[in-house]
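I opened this model to look up its aromatic contacts and one of its helices. My entries are below.

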Amino acid sequence: MADFPTTARVVIIGGGVVGTSTLYHLANAGWKDCVLLEKNELTAGSTWHAAGNVPNFAGSWAIMNMQRYSASMYRTLGEDVDYPMNYHVTGSIRLAHNKERMQEFERVAGMGRYQGLQMDICTPEQLREMHPFMETHDILGGMWDPLDGDIDPAQLTQALAKGAREAGGRIERFCPTEGIDRDGDEWIVKTPKGDIRCEKVVNCAGYYAQRVGEMFKPFGGRTVPMIVMSHQYFLTGQIPELEAWTKEKGHKVPLLRDVDISYYLRQDKNGLNLGPYERNCKAHWVTPDDPMPEDFSFQLYPDDLERLEFYIEDAMARVPLLGEGGIERNINGPIPYAPDGLPMIGPMPGVRNAFEGHSFTFGIAQGGGAGKALSEWIMHGETELDMWAVDPRRYTDYADHDYCLSKALETYGHEYAMHFPHHEWPAGRDKKLSPIHNKLQALGAQFGAYNGWERANWFAKDGDDTSEAATHTWDRKGPWTQRIKEECEAVRDNVGVLELCGFSRFKISGPGADEWLRGQVAGALPKIGRAGLIYFADSRGRILTEMSVTREAEDKFILVTAATAQWHDAEVLQRRLPEDGSLTFEDWTTAMSTLIVTGPKSRALMAGLTDADLTLPWLSMQETEVAGRWAALVRLSFAGELGWEIHAENADIPAIYDAVIAAGATPFGMYALNSLRIEKGYRTWKGDLSTDYSLLEGGLDRFVRLDKPQDFPGKAALQNEKQQGVKKRFVTLIVDAGDQDAPYMSTVWHGDEVVGETTSGDWGYRVNKSIALGMVRAELADPGTELEVEIFGQRRKAVVQPDQPLWDPENARIRA
């Protein structure tokens, strides 16, 4: 075809709302040489049959940001591109049947206020005034979002497509992607109309994303971790009473969500639309005898209303008017689900210059913000706001088909579930077990999953309630409270041992490794035989990642980082390596494990297990034997006490652990470690440390050397920030917290002004206080400043502390 584009800067595969939004944002940012390929007509995937609800509500900070952007963008899009759209901003009501749900609403409303959204907590009487057809006798209250509503998905997509074309983007319909090839630095996208050579490729293929993902396997890709679920909603016929009310009032009734039952109910014309997320849900195309068809465009699954009977009956009791319309049409279509129900937006794991924007369960609500974020990844290699919650690299090799299926069924069936701080979801577990998993289990370990690895969260004793139901609380107190206290006290007064399986562990070696690494990090490197922390910045000087580094030789380094950061941090390192192959990168994550042995009596305990020199100072490293097994002994402790990390091969960990326990150490878990670390002000990755903050804002000045000759990423931005002065400062707060500690992204107030946010919070059992770490305006970071932290709707007094650890501020215990 004479006019078919043979070259492009970017090729986007998939013409749903996310693909067109990405093209729209690229073209309007000046990237005009971009092509979108759609195998059928635009919207042919999940978009055409989507219900089109557009909420702001989200329990995730990143998702709320994305949805807030979408809703705001949609309100002017029709006018912006001169395309008529049906967008009904009706407002929405969420119902709460219990205290815990009301607390969740208070929490989300607080996050919304920070982002400029007004979400009101209402009484049943107030809700009844908004929705007169609703029964409210059995509810505790609810939430009102005036900006919620619904939009026509097809019109939205066509409006984005029109805007993209007018800004210079190209759309090729009825043009399936048949294959992917590589020629040097160029991608070759194969289609029936011809090949397109391009710099970057984007997989926006919706529920076909896994099939498209297989094309990238020869170039380092993986099987995309997703499942296709069957989602049903039905439309009633016209309801005269609803029609009369609408005509009288001049607007629709608000969209209603009974989240404790698990459905939404909204007005559609003069009828109603009921969409449940049923527990007895169903996945499709997951077995060999039910293969995904080559093309399912504009098709639906057979009706399966029996699955919805309970929800229909409940909704009819809630809004009796529902029973008057009858079922006029049922929609049963495919929607993609990632294991956690959140989309995948960002770099394609393992593949250079390839990106993903798929697995959207709420693609219409998130499409605008997703296109913005994805275009930023493509153009700049980083996003304005931290988007780790949706980064495809959050899933690594444990996310196999069985895991994805069990988690998708669990997530869909609990779509509106509350995510309590001490609750662990049971599906998809035991994907990666430590060498001592059975030993920990016998000691009473209650496990949590960390990048697929099962780690002990806390250790129960006989009689403790370890049921899942016991964890359904936002409160600090529960069956775990006394045990965490005891574990922290054991570390404080004696010696504790924690196994940290699954640390992301990399080795870099080769001529010039030291100089190369100096050019990547903001600070200095340790000397041979020593350890330290290093920080990587993005181009704006923001915190990309933190790693601990141990220097084994002049040009040999071991880098250890968070378990969940494995694929993210591996790419940070690998994609910056010299192209001449002079340096060697190795991933040792699965080959070794780590024991943390810490407490004031840890030296005496270790002396009975090793001939190592236990007088070497803090941050020293030595290779030795512990309990007769080879180990690397590093004098570090994230718990803030005298202690060592014992790094050993998996096969040797059981013997070393047995010896440490036999010598008198008390096992402790991740919950205790979090309490211990927050008392020291130690940061966690993608909580306190994220690309929402610069290294200087994060209080990491001592790890930044702006006078060193190496031009590390972000150096110029940090120099400018240093000269201009930071606008925000990292602080430690003592909070009069009541029964709950500050969750992530709790709003910080000064009088009637929002001045910051918390990045983590927990109870410190050594200082016996509730602690929050967070960011506030720089002028309010002085010690003694009184602020307030909003915790589940209650403003709690918080006092800024001196810039030093709350526990052992001089670090005398850790250096002992």
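The entries take ring pairs, then charges over rings, then a helix.

**Basis.** I worked from a predicted model, in which local features need pLDDT of at least 70, side-chain atom pairs count only at pLDDT 80 or more, and totals for chains, interfaces and linings use all residues. Residues are numbered from 1 along each chain as its sequence is written, and side-chain values use heavy atoms, with hydrogens and water left out.

**Ring pairs.** I searched the whole structure and found 26 aromatic pairs. I counted rings of Phe, Tyr and Trp (its six-membered ring) as a pair if their centres lie within 6.5 Å; planes under 30 degrees apart are stacked, over 60 edge-to-face, and the rest tilted.

I looked up W61 and Y114, which form an edge-to-face pair at 5.2 Å centre to centre, with 70° between the planes. W61 is in helix α2 (residues 61-81) and Y114 in helix α3 (residues 99-114), so this pair ties together parts 53 residues apart in sequence. Helices (H or I, at least four residues) and strands (E, at least two) are DSSP runs, numbered from the N terminus. W61 counts as buried at 10% relative accessibility, while Y114 is partly exposed at 28%. Buried means under 20% relative accessible area, exposed over 50%, and partly exposed in between (1.4 Å probe, protein chains only).

I then took Y535 and F703, whose ring centres are 5.0 Å apart with planes at 55°, so the pair is tilted. Y535 belongs to strand β24 (residues 531-537) and F703 to the loop between α17 (670-679) and α18 (715-724), so parts 168 residues apart in sequence are tied together. Y535 is buried at 3% relative accessibility, and F703 is buried at 17%.

I also noted a cluster in which ring pairs link Y207, Y208, W285, F296 and Y301.

**Charges over rings.** I required NZ of Lys or CZ of Arg within 6 Å of the ring centre and within 35 degrees of the ring normal. The charged end of R94 sits over the ring of F57, 3.9 Å from its centre. K372 lies over the face of Y69, at 5.7 Å from the ring centre.

**Helix α7.** Which residues of helix α7 (residues 240-249) are buried? I found L242, W245 and T246. Just after α7, G250 takes a positive phi of about 85°.
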